[in-house]
Structures are given as structure tokens and as C-alpha cells.
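This report describes how the parts of one chain are arranged. Look at the structure before reading on.

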Amino acid sequence: MKAGASGPERLDIAITSNGTIARIAPSIDCDPEVPIADISGRLVTPGLVDIHQHLDKTATRRLVTNPDSTLTGAITAFETFQSAVAPEDLMFRAQKTVEACIARGTVAIRSHVNVGPKVALRGLEALAELRERIRERIRLQIVAFLSREAGYSASSATHWLETAIAAGADAIGGAPAHADNPEAFLDVIFDVAQRRDVPIDLHLDEHLDSTAHRIRSVVGRTEAAGFQSRVIAGHCSALGALPRVEAAKLIERLAVARIGVVTLPAANLYLLGRGADRLAPRGLTRVKELITAGVPVAAGSDNIQDAFVPVGTGDLLEIARWTVLAGHLNSTDLGAAFRMITSAPAQMMNLVGYGIDDGSRADLLITEAEDEEDMIASGATERTVLLGGKLVAGSLATALSAQSRN
Ligand SMILES: [Zn+2]
């Protein structure tokens, strides 16, 4: 069954030998030598898309400690660790997490990776090598994450971003809130992005200080640069700390500038609001209002088992479920939550050929769910995953079409 706008439809899907969907129709006849998989009415959807991870940090929870469990504590702890990390160890841990994600239905991941004077390009080069090694199993994009010490001077920041792009970064970003001069930090990022024609993916306002948000600044720079639809604002937690009327004005500006927002419930729930005397805040951005205003909104894993977040499985259905709960979505929003881990991030990452239509890439997830909403509500106990029409996780019994009709 193919998930459709008006509910699942029972259809055949023909996939070409080069991994694209040739045709979707109620009944398709094909040549006798073409292998056929009978999936017996299981649900077929586009594969899941994880738009925000940190594969250079993943699976280090036993190696890097963060005693106070704050964001600043995690950043400091990881800075010390990363300068001595062996590339082969980083790649081993990253691949283990990627494989866990594939098994759970993820067909594309965008990972941030620290670049700067301490770590240099060590992490980026390791992930670029991994991207090649596993290109038949998943689509991996890399964001050069400008570390705070790289931003101490414009020339240093420019140098590290440009060398990262030359080394294979697909996008550039960083966390202005942790720079000594956030506006100068943003100046450099937008300048390099414009000159080198690469998209921007920021960690924006991952804090709850309503007086220190940079949304207006990022919107203005995006419009001045003509970068509409090419800027992502991850977190936007401070938006949740602003009064509703003031937040609504900024949300409208985000919509007009076509800036995508990525909510990251795991890190927000775990790291933010720890100083609260009572009623600790959730830390998420205003997910519901952003969607209602037409802002593209995605949800991602962020950190998986490291000093920032000690838990995580790579299961995006779980992340979507947390978004429903922590983001105060309604029971009628389960479909929207599904889009936040599929079509919305795919569009933000400009994943060519993503979808489930004639001509799309056959990057598909097959489950026993009733429909997309059921995938969010119930999860899926068994998952079969295709990338470019080839099986990368789960099982798929195939037989030649001539045999299957006997
Ligand atoms: Zn992050």
C-alpha cells in the first residue's frame, strides 16, 4: 500500500534497475525475468530524513563526561576531547550510529561537524570519507560547524569555513550565541555562504533568554543576501521564551524569508531549563505556531549518546513522537509530525528525487503501519528500507514474476 493524501491505496510500484520509481498503478505487468516482492499490503512511504545530527560526537557518552549536564558543560568537555580524537575511531562510532538509523528507516542524514583551530578538519575529513564509503546505503550531507574559538577573528572564521567547503562541506553554520561577537560571527557566515554559494544551517538561539535572540538579525541577512529557502535555523528555543504577540511577529518574518526551522526535542528537553527553581521549561521552539504560519518545520535527532544528550536510538519516529508531546501538538497533528521527518527536511536539504511518485528515487520505508499517522502513534516494529531500489535494512522476499504467477 502506498500512503496517499486521502489514506493508503493498494498499488503496485515498478522500480527501474537504476533505482527510480518507473510507475505506480493499481496493477502493473512486467517481464517474466523481473524480480517481484510481494509485500502483502504493507505500507510504503518515503524513507525518513534526519536533518540534524552530530556524527563527530555520537556514541562518546562513556568517553566525554558532562557533570552538570548543561549545554556549556557539554561544549567545553567536547572541545578538549575532539582535539585528540583519532579519525578511525570517529568514523567507527559514526558508522555504528548511521547503521542504527538505517535499520530504523532513515535514508538521509545531515550531520554538523566541528571545524576550527583545535579540531582543524579532522572530523570533517573523516565524515567526508564515511559519506563516500556508505553512499550506497544512505545519503549523507555535512555541515561545517564553526566552533566558537574559530570565530574569535573574522579572518580565522573565514579561513576555516572556506577550507571546510574545499574539503567537501555541503553547508556551513555554527552557534552565534556562543561566539564572543554573535553579529560578527553571522557576518562571516553569510559572507562566505554568498561568495561560495553554499546553504546555511545555523544553531540559532539554543537558549531561553528572550532578550538575546538573533531571529531578526538572521531574517534581515537572509533577505539582503537573497538566500530565501537556503537558510535553516535549528532550535529557535528563545522563540518559546518570548511573549506570544512578539513571537508571532518574528514567526511571520521567518515565513516571509522562507527560513526553515528545525526543532530538536531531545537536546532541548535534556539541556535547557536546568536552572529553573520549579516548573522547568521544555525548551522547544513554538512548533505549532510556526507550522500554522507556513514556516517549513522539521524535527531531528541532534545528539545521540554523547555529552550533550546521553540517550538516543536514531529512530525518527520516536523523535516525531517526542515533538508531538513536548511541542504540545494536537491529536490531529500526527500527519504534520510525519511530514516533519520526511518531506519537510527533504525539501530543506534539497534532496533531489525524494518522494514516492513516478520518477522519484526508490528510497522507501516499508512497515506494517496502518497509515502515516499510525507510524507516529504506534511506531513500527519491523522496518524494511530501500535506497535507490536496493535493500539496505530489513527483509524483502523476491521471486521472478514468472514464478510468482505459478
Ligand atoms: Zn545540534
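The centres of domain 1 and domain 2, taken over C-alpha atoms, are separated by 31 Å. Domain 1 covers 12-46 + 355-404 and domain 2 covers 48-348; these bounds come from an automatic or database domain assignment. This is a predicted model: local features need pLDDT of at least 70, side-chain atom pairs count only at pLDDT 80 or more, and totals for chains, interfaces and linings use all residues. Residues are numbered from 1 along each chain as its sequence is written.

The contact between the domains takes 15 residues from domain 1 and 17 residues from domain 2. Two residues are in contact if their C-beta atoms, placed from the backbone, lie within 7 Å. On the side of domain 1 that touches domain 2, helix 13, strand 14 and strand 15 each supply at least two residues. Helices (H or I, at least four residues) and strands (E, at least two) are DSSP runs, numbered from the N terminus.

| Element | Residues |
|---|---|
| Helix 13 | 372-378 |
| Strand 14 | 384-387 |
| Strand 15 | 390-393 |

Helix 13 gives the largest share of this side, 5 residues.

Within the chain, helix 5 (residues 182-196) and helix 6 (residues 215-225) have axes that come within 11 Å and cross at roughly 25°. Axes are lines fitted to C-alpha atoms, for helices over the stretch in contact, and angles run from 0 to 180 degrees between N-to-C directions. Helix 5 and helix 6 are therefore roughly parallel to each other (angles under 35 degrees count as roughly parallel, over 145 as roughly antiparallel, 65 to 115 as roughly perpendicular and the rest as oblique). Helix 5 contributes E183, L186, F190 and Q194 to the contact, and helix 6 contributes S217, V218, R221 and A225.
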